[in-house]
Amino acid sequence: MDNNEPKKYEQDNTEPSMASEPTIAYGYSQGAPLAGLLEYLYATLSPKSMQWLGEHLIEHAQSVVQPYTMAEIDAMLEESERDFEAGRCYSTEQVLQMCKEAQSKKQMA
């Protein structure tokens, strides 16, 4: 077996994971990137900034994103079909043209 081949990843189905490709491929501990980030933050942030960051991270972690219900999805589909029938939409060509114009304006700024 070639030592350069990535290690097999066994997924733990009990809890979702946000492991990155290098973490899995090279067999790093999933906590390693976070530990490095934590050490960096300790070295660079003041205690007041750490407290501010912690409060915002906790607030963000506690906000639960709810998936759409089928009724909500159906309502969105019906609305988009009504918009399409009424002509409240753009063609692919129009969208591409708007993207090109926005990119040109951004490059000129």
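Helices (H or I, at least four residues) and strands (E, at least two) are DSSP runs, numbered from the N terminus, and the expected span of a helix is 1.5 Å times one less than its number of residues. The model is predicted: local features need pLDDT of at least 70, side-chain atom pairs count only at pLDDT 80 or more, and totals for chains, interfaces and linings use all residues. Residues are numbered from 1 along each chain as its sequence is written, and side-chain values use heavy atoms, with hydrogens and water left out.

The protein chain has five helices and zero strands, in the order α-α-α-α-α along the sequence. Of its 109 residues, 2% count as buried; buried means under 20% relative accessible area, exposed over 50%, and partly exposed in between (1.4 Å probe, protein chains only). The chain exposes about 10600 Å², with carbon and sulfur atoms supplying 58% of that area. Accessible areas come from the Shrake-Rupley method with a 1.4 Å probe, and for residues only the protein chains shown count as cover.

Helix α2 covers residues 32-44 and contains L34. Together, L34, L37 and Y40 make a nonpolar surface patch of about 340 Å². Patches are made of residues with over 30% relative accessible area and no salt bridge; like charges are joined within 9 Å, and nonpolar side chains (Val, Leu, Ile, Met, Phe, Trp, Tyr) within 5 Å.

Helix α3, residues 47-62, has 16 residues and reaches 23 Å from its first C-alpha to its last, close to the 22 Å expected at 1.5 Å a residue.

Helix α4 spans residues 70-85; its 16 residues reach 22 Å between the first and last C-alpha, close to the expected 22 Å. D74 lies in α4 and is partly exposed, at 36% relative accessible area. On the surface, D74 gathers with E78, E81 and E85 in a patch of negative charge. Lys and Arg count as positive and Asp and Glu as negative, while His and the chain ends are not counted; the place of a charge is taken as NZ of Lys, CZ of Arg, CG of Asp or CD of Glu.

The structure holds one salt bridge, defined as a side-chain nitrogen of Lys or Arg within 4 Å of a carboxyl oxygen of Asp or Glu. D83 forms it with R88, the closest N and O atoms being 2.7 Å apart. D83 is partly exposed at 22% relative accessibility, whereas R88 is exposed at 54%. Just after α4, G87 takes a positive phi of about 80°.
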